[in-house]
Amino acid sequence: MTAVEHRFGPYGGQYVPETLMPGLAELEAAWLAVRDDRGFKDELDALLRDYVGRPSPLYLAARLSKDLGHPVYLKREDLNHTGAHKINNALGQALLAKRIGKRRIIAETGAGQHGVAAATACALLDLECVVYMGTEDMRRQKPNVERMGLLGAHVEPVEAGVRTLKEAVSAAIRDWVTNVESTHYIIGSCVGPAPYPALVRDLQRVIGDEARAQILERTGRLPDRLIACVGGGSNAIGMFVPFLDDHDVQLIGVEAGGEGLDSGRHGAPLTAAGLPGVLHGAFSAVIQDEDGQILEAHSISAGLDYPGSGPEHAWLRDLGRARYVAVSDREALDAFARVARLEGIIPALESAHALAWALSNPAGELDLICLSGRGDKDLAEALAELERS
Amino acid sequence: MERAVTGAIPGVERIAEAFSSARADGRRAALMPYLMGGFPDLATSAEIGLAYARAGADLVELGVPFSDPLADGPVIHAAGSAALRAGATLPGVLEVGRALAERVPVVVMCYANLIVTRGLERFADALVDSGASGLIVPDLPVEESEQALAACDERGLALVPLAAPTTPEQRLARIGAQARGFLYAVSLTGTTGERGRLDQGLATVLARVARHTAVPVAVGFGIGTPEQAAAAAAAGADGVIVGSRLVRAAGEAADPAAAVSELLRGFASALAGPLS
């Protein structure tokens, strides 16, 4: 049995208060015990199939392909129940929490997709659910706030800082420090202290496993480029991991360029490649000032509005195995509108970043893009921005 | 062992001395107030620190403000954010420590990223240069602290680890063995901040911790009244750390130094007599 990684090269680790260390050890032991357990796997697989709707389709986006001059396949995570890839992780972790006897769940959310996924998993499995969300994000993602309430979750508003995802994660961790003995923290991305980056990756790799088999079956070959958006990076890591040994497949993670990397208002720590640092329990690429204070990220997409990144991504970048790029708010918005008209698919603003990069960088013969979520939640914000321009 | 400042006593010895002289004076426990460096501004925090020293502090825990303090509750979190808005930086806070270290041993409390970003060696040198005696890193568990411990040991700085009520026996042994100066026992499962009552299991936690270490054990988190401080001493603490109550006073009072002086005298007198 392989161990759960604590480090990815120099990145990762467990930079958390002592109070949490036994909780992390318990979680790691539980994951090791169930990861290869037939019963657990069957239970999760059945839910992913019958409840989530997996496998998610691989769709040849014909008009997009025509525009780009080569075939573009979309991995349709937007068609999952709850409308994004987040449910894969939330269900897996909620089942795990039940196994270790924790009936209270906390989660953080930015765009609200992870919060909705956690609230959904908790409703299904009869668990108590508290979701921390910055009040700015609650404003930007109102439909998801209402959804969580309907699902029986309590949304705890977070007023600290600029009231977005970073502060929501911090608030969730503080809750966990206080309630670690009764509570499981379902972190929404491949960030945080070990074992979370490995745990979330393992639960999200279903995206890449399916996509790899589907593209081989459909085209008889592997894609030239695999493209996914990166906030913390969970849909990207889930997509990338099964392709790591396919050295001819380029792995491209698209971060939030916000108002431009030079403006300082962005969410692209991997692309900006400043000094790495410690945020939310892990050493990884972060956006920080010279003194080591973490800076606020900026993105039109609440899900990418995060100054940190998954440690495995930082390592893949350093190894040269994956490449990280950024697209601006503007480019993402344009892609959002364009893909809606071209394909009849309204992508999440997060996923629109991956689409935008592909649209402005046509190359190769075959693209596979992770369409990580649907954009209904973004309508108000995106339409207002599009009208403004 | 090299000493950066000629004639300076290594931090570990200075801390040991502070605990033993509190005992020798017949007091129940050493008193260690927490100072948020740069709150409400650098100059005022320097005055608050000196007021601590004059009002009976045996040691001072000097907090370096950080943008994302995961171990802190709302009062210290807000004070840290305010200090950063007022322009506090690590060098500025260490200057506050330098003046304070002439009077009492200073133990710097700093989150890991500020250390990692600067580089461990450079950070430790700056600490020694400022006259600090020890270092507490609330998000650096023993699994991650090997290099920090070596850097501190080389310089005679005490790297003070934390133990929590959730810490199992085996970990306590490891934490106790690598404790320098003192061991910081977290009184409750949670973040910093005042509580209505002390955690009932405190005596048990302290007894457990003490079995695994040769250094004094100081209790912090959730101690906001002189009665709670006395109770912590009675439960077996060698030292008592008071944070949020004092930081709150510093934020609320028109004359922060005077306000914290009065409060600290109350804590000092609660710890004045020997244990009955």
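Modeller: In this predicted model, a contact means heavy atoms within 4.5 Å.

Biologist: With that in mind, what share of the contacts in chain B with a separation of 6 or more comes from residues 24 or more positions apart?

Modeller: The count takes the contacts of chain B whose partners have a separation of 6 or more. Among these contacts, the part that belongs to residues 24 or more positions apart is 76%.

Biologist: What radius of gyration does chain B have, and how does the globule rule bear on it?

Modeller: Chain B is built with 12 helices and 9 strands. For its 276 residues the globule rule gives 19 Å, and the value for the chain is close to this, so chain B is as compact as a globular protein of that length. The C-alpha trace spans about 45 × 45 × 35 Å along its principal axes, and the radius of gyration is 17 Å.

Biologist: Turning to chain A, are the rings of Tyr11(A) and Phe283(A) stacked or edge-to-face?

Modeller: Over all chains there are 8 aromatic pairs. In this one the ring centres of Tyr11(A) and Phe283(A) lie 5.6 Å apart. Tyr11(A) in strand S2 and Phe283(A) in strand S12 are 272 residues apart, so that the pair links distant parts of the chain, and both residues are buried. Because planes under 30 degrees apart count as stacked and these planes stand at 25 degrees, the pair is stacked.

Technical notes. Residues are numbered from 1 along each chain as its sequence is written. Chains are lettered from A and ligands numbered from 1 in the order in which they are written. This is a predicted model: local features need pLDDT of at least 70, side-chain atom pairs count only at pLDDT 80 or more; totals for chains, interfaces and linings use all residues. Side-chain values use heavy atoms; hydrogens and water are left out. Helices (H or I, at least four residues) and strands (E, at least two) are DSSP runs, numbered from the N terminus. The radius of gyration is taken over C-alpha atoms; the globule rule is 2.2 Å times the number of residues to the power 0.38. Rings of Phe, Tyr and Trp (its six-membered ring) pair if their centres lie within 6.5 Å; planes under 30 degrees apart count as stacked, over 60 as edge-to-face and the rest as tilted. Buried means under 20% relative accessible area, exposed over 50%, partly exposed in between (1.4 Å probe, protein chains only).
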